[in-house]
Amino acid sequence: MDVLGSVVHRERLGGGDGKSGSLLERVVLGDCTRLILKHVSPSWDWIMRATEDRGRIAELAGSGVFDRVPVAIEHAVIEVRPEGGGWVVVMRDVAASLVRDDQRVSRARSRLILAAAAELHAAFAGEPPLALCSLADRYRFLSPGTAAAERGGPDPVPALIGKGWDRFNELAPREIAEAVAAIHREPEQLEAALGAYPSTLIHGDLKLGNLGFLPGRVVMLDWGTQTGWAPPAVEWAWYLAINASRIDATREQVLEDAAAASGPGHDPEALQLALLGGLVQLGWDKALQAVEDPDPARRAWEADDLRWWIDQARVALETWSPL
């Protein structure tokens with residue numbers, strides 16, 4: 001039966017905090033069931049274009065991956081169907097469970113997220129990858145190259161990326177800025193270095209806007225574009241880089257919790273490389289906020305955060321270099 005054949009109401013929603021250009025709507029069925037429809041296409045989604053996403057969410061659904069996601073995770077996906085030059089993702093409406101933009105997350109709740117992600121990693125460890133987001137695309141999509149490729153488009157984020165990397169080059173030590181630029185030019189180098197470590201399926205975008213809590217379960221939305229095959233450390237580095245300012249724990253505590261969740265599979269060397277990758281991805285945003293956030297307290301926090309990530313990159317570059 002076509003679940004969308006009984007739609008009695010449609011409501012256009014905002015695009016969330018992803019700012020990718022994807023379109024969201026809530027629909028109500030005749031039996032009062034509420035669903036969320038996410039319309040995705042590289043025609044209007046700059047992140048899909050920047051990561052060479054030609055339908056990863058459809059491949060995940062079609063290959064049965066969602067049927068094997070651990071029960072600790074609510075992925076919300078019901079089905080994915082083609083739609084013109086893209087796809088529509090039909091999802092359960094779990095909006096009420098999501099972390100709000102104005103909410104912080106306790107260390108205990110952060111541990112729940114990390115534990116659920118570690119279950120995902122364990123469930124798919126050692127399997128051949130699907131054609132998902134490569135590490136090279138992961139470390140390229142927030143680069144100056146993407147800013148240049150998307151220049152003049154309708155999306156505001158690519159322009160901010162370019163501006164942010166300019167600020168980063170002003171603030172970062174020369175050797176760090178040069179290393180980051182080298183990885184942006186040829187991310188396959190970092191991909192190869194991380195590829196030496198055991199890999200698994202990672203969600204790829206565990207930012208708080210995609211996460212929520214149900215009794216006994218963690219909600220994880222926005223699968224597909226950044227879902228990939230990588231060492232778990234790549235998941236942890238992105239989680240920390242994009243969420244640290246809203247978690248009631250120090251950066252070191254979050255990483256301790258990630259290591260504990262990973263158990264015997266945790267690899268400190270892979271994590272150090274992944275932390276370098278976190279700076280490659282989000283150094284632009286940290287530098288931009290450190291200079292331009294209107295709140296002095298937030299500027300100071302972001303400046304300190306940028307210094308921390310630069311220090312982590314420096315440690316990684318002591319044993320590995322893209323130059």
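What follows is a set of questions and answers on this predicted model.

Student: Which residue in E2 is the bridge partner of Arg10?

Tutor: Look at E1 and E2. These strands run antiparallel and are joined by six bridges. In E2, Arg10 has as its bridge partner Val27.

Student: How many of the seven residues of E2 are buried?

Tutor: Buried means under 20% relative accessible area. Strand E2 covers residues 23–29 and is largely enclosed by the rest of the structure, because the buried residues among its seven number six.

Student: Which residue in E3 is the bridge partner of Leu24?

Tutor: E2 also pairs with E3, in the antiparallel sense and over six bridges. The two strands form a hairpin with four residues between them. In E3, the partner of Leu24 is Lys38.

Student: Is Lys38 buried or exposed?

Tutor: Lys38 lies in strand E3 (residues 34–40). The limit for buried is under 20% relative accessible area. The relative accessible area of Lys38 is 15%, so Lys38 is buried.

Student: Which side chain makes a polar contact of 2.3 Å with that of Lys38?

Tutor: Leaving aside neighbours within four places in sequence, Lys38 is in contact with several residues, including Ser22, Leu23, Trp87, Val89 and Met91. Asp222 is also one of these contacts. The side chain that makes the 2.3 Å polar contact belongs to Asp222.

Student: Which residue in the turn between E2 and E3 has a positive phi?

Tutor: The turn belongs to the hairpin of E2 and E3. The phi in question is about 80 degrees. The residue is Cys32.

Student: How many disulfides does the count come to?

Tutor: Cys32 is exposed, with a relative accessible area of 61%, whereas Cys133 is buried at 3%. A disulfide needs a pair of cysteine sulfur atoms within 2.5 Å. By this rule the count is zero.

Student: How far apart are the end C-alpha atoms of helix H11?

Tutor: H11 has 12 residues, 251–262. At 1.5 Å a residue, the helix should span 16 Å. The model agrees with this, since the end C-alpha atoms are apart by 17 Å.

Student: Which elements do the buried residues of H11 pack against?

Tutor: Take the buried residues themselves. They are Arg251, Val254, Leu255, Asp257, Ala258 and Ala259. They pack against H4 (107–123), H10 (232–243), strand E12 (247–248), H12 (268–292) and H13 (296–317).

Student: Which residue follows H11?

Tutor: Its phi is positive, near 70 degrees. The residue is Gly263.

Student: Which residues does Glu150 touch, not counting those up to four places away in sequence?

Tutor: Glu150 is found in the loop between H6 (144–149) and H7 (157–171). Glu150 is buried, with a relative accessible area of 13%. Glu150 touches Trp46, Arg49 and Pro158.

Conventions
Residues are numbered from 1 along each chain as its sequence is written. Side-chain values use heavy atoms; hydrogens and water are left out. Buried means under 20% relative accessible area, exposed over 50%, partly exposed in between (1.4 Å probe, protein chains only). A polar contact is a pair of N or O atoms within 3.5 Å; within protein, one must be able to donate a hydrogen and the other to accept it, and residues adjacent in sequence count only if both atoms are side-chain atoms. Contact means heavy atoms within 4.5 Å. The expected span of a helix is 1.5 Å times one less than its number of residues. Two strands pair if DSSP finds at least two bridges between them.
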